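Dear colleague,

Please find the structure below, together with its sequence. My notes on what was found in it follow directly after.

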Amino acid sequence: MPPAGEQGGGGGAAVRLPALTQSASAGAIGQRAGAAGTAEGLGRPASQADLRSSGAGQLAAGQGEDSPAASPAKATNEILVKFRGDPGLTFEATRVTGSVLQAWMLGVRPGWTVLQVAGQPVQTKEDIEELLQQCVETEKRYEVLFQKNQGKFGTEAKEKAEKEKRQLAKLRKEFKFQGAIERIEHRTTNFYQLERVYNYLEENCSGWVDHLPAKVSKTSGRPLRMDFLNFHHLTNYIALPLTRPRKCSLVEMLAANGQPPSWFLSHWWGSPVITFMECLKAHITTRNLSADTPYWIWACACRHHLQRCEITEDPKKASFSKTLDMSKHRMLVLLDPQGGYFKRTWCLYEAALCLDQPGTPMDVATFTQGSGAELITHGMTEQEEKLELQRPGSGIRAKAAREASFPVEVADAGLVVQIEKSEASKEDDRALLLSSAALLTQQTEENAILAELNAGLRALFATVLWSRVTVGEKEAKSSAARRRLTKVASALRKDAARKTLEMHTEGLDSDSFRLLSESLPPGLNELRLSLRCSSMRNEDVDVLAKALPKNMKELRLDFTRCSNLADAGVAKLASKLNFEETAVYFTLEDTGVSKDVQDHYAAEAQKNEENGANGQLKNVSRALGVSLCKEPLEEIGHFRQRAIPAVHVLGKVLLNDREDRAMAALRAIGSFGEKARQALTEEALQRAKELEQALVQAEADRKAREAEKKAKEAEKKAKTEAQAAPQG
């Protein structure tokens, strides 16, 4: 996601440093043996003149020349400063290399040397850090004795500039410009390329400090370490300096050619890069993807130096929306354990772009110190599907076992999300994002807009969590698990604006199926549920029949291997449906439903696919998501009308929309004739060929399954006949 410092490069405003001649100095000036006349605590900050005359003050206090502290050199150069909390210092050996916040305001400058911390002499950087940590933990005031080497300040600044110059030269030697990629949605990156960046961070981060302000980062001013280095730091120390000469994106320094995205990756910039990489690795492994799978990551795809706003008035024209369309709305969400994702306006905006999809293929990953990266997937993985084919139920159990360790409490905040309370580093960005997101709703009044957005986002995260809180719940009978399931069901039910819903709900027991039925959003037009291997009974199906919204246009229910389902249950469901208004698709293989009923619904599905004599109109209607009618225009004049170039728009649907609508667009274009097909773009033609191949493969698979089923039936029949035959 764009940063919490979003458009400009991921950081807060730099600390404004006071001029040396006007700055406050140490809050307390003293000597090792103590002296009168010093400023106590944080009362009146001593001036630079006070610092320069501190030696004279010591002599006036009665210290003899024979005393070690009476040495003019020591008296002039040693400064005792009192701190409370983090002093805001960085070191090389015992020399101060960085001074911010409290230390700077108290007059401590780079080039000074630390002699003692809390009265303890120090010899190394480790000594200083250990003693400072102990002092910070006490939450009391403590003293640090410095030797003021004022003459080295200019040298220090010069050394710092030389160091930065060497770092930049090293960075640009490691990463060279590969080529311009004009389409932002094609600026994707893969694990190999990100690993190069990660290795560079790991090797060099100890030379950088956390540049973020203290109100944003608890480690502000400290040397960076990989355990808390995040995308703000990556952008500041790698992306911005590396891409400044060409004003390009980080991707263009890593890849010569663009690639359409396979996945849209949504994350909060404040999460450590190390956990980001672990979650990405887990996703690739679990999904059985290759390491060169293209992911779209805003931080890497954006040309930060162009200062171009990525927020458009129409959210469908934003780069995020285009990328989601191209990735077929496959989204990987990375959650941090603190729930920061649900508090960021940019993150919620990205998720909101998926609200008009029936079933966003959203995977959710997180990282915990105890168990590492954990993942919830949309449906079963490729390996789990193979297990399911080999032994029914085993794939569903494998998915449930894999997801059982996902810390579901990390996602709890998604069920009560309030986008109006989310934050962005730039208030202007936040206002633009909320205005753009408002156009995703059908409301005009502010409270209604926010209510619809919040309900949609909560329901979206509820659909992601459903399998985890039902089939994947180890302690389903515990009060905490029951409360969470009730909360998930409530979030789904309250999404009154939702028109389409698609969920993977395999392996549900009777109670979970009933709860799901009762939790369906009331305004649904299309419903698709995969209920394979669920144990619902006929009377449970009656609950679903009664809960179905009245205006259903399409109903797809996969009851494969639901062994408790029989003709009576299907009949109860059918009695509540208007088959003239609703396209019904029931998959009833390996259930207790009779063969005659199975054949009837197979024929019904085939009829719906072919759409009879009006196939062209119905396919266009389904592809575009609009209603078509035959009446003259004067008879429908009170309805909103829109003229559209059919082939052009159908080509876009074919290329960017979900598969069922793309299939409908393909059939509609085919019904227009060869000239319509020739009018398609090359990309749309390629997509059409891919879909046609998929149709051929699906038909081949269907025939193979039928042949296998018939072979099993024949084998079973032969075995039965052999057993029934008279012996000897």
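Rings of Phe, Tyr and Trp (for Trp, the six-membered ring) are taken as a pair if their centres lie within 6.5 Å; planes under 30 degrees apart count as stacked, over 60 as edge-to-face and the rest as tilted. By this rule, the count comes to 18 aromatic pairs.

Please note that this is a predicted model, in which local features need pLDDT of at least 70 and side-chain atom pairs count only at pLDDT 80 or more, while totals for chains, interfaces and linings use all residues. Residues are numbered from 1 along each chain as its sequence is written, and side-chain values use heavy atoms, with hydrogens and water left out.

Helices (H or I, at least four residues) and strands (E, at least two) are DSSP runs, numbered from the N terminus. Buried means under 20% relative accessible area, exposed over 50%, and partly exposed in between (1.4 Å probe, protein chains only).

Aromatic residues

Trp112 and Phe146 form an edge-to-face pair, 5.7 Å centre to centre with 65 degrees between the planes. Trp112 is in the loop between helix H4 (101-105) and strand E4 (113-117), whereas Phe146 is in strand E6, 34 residues apart. Both Trp112 and Phe146 are buried.

Phe342 and Phe461 are likewise edge-to-face, at 5.1 Å centre to centre and 85 degrees between the planes. Phe342 lies in the loop between strand E9 (331-335) and helix H12 (345-352) and Phe461 in helix H16 (residues 446-469), so this pair ties together parts 119 residues apart in sequence. Phe342 and Phe461 are buried.

One aromatic cluster is formed by Phe231, Phe264, Trp269, Phe276, Trp296, Trp298, Phe320, Trp346 and Tyr349.

Strands E1 and E6

Strand E6 (residues 141-147) pairs with E1 in the antiparallel sense over seven bridges; two strands pair if DSSP finds at least two bridges between them. Lys82 has Glu143 in E6 as its bridge partner. Six of the seven residues of E1 (residues 78-84) are buried, so this strand is largely enclosed by the rest of the structure.

Thr505

Thr505 is found in the loop between strand E12 (500-504) and helix H18 (510-518). At 1% relative accessibility, Thr505 counts as buried. Leaving aside neighbours within four places in sequence, Thr505 is in contact (heavy atoms within 4.5 Å) with Trp466, Leu516, Leu529, Ser530, Leu531 and Ser534.

With kind regards
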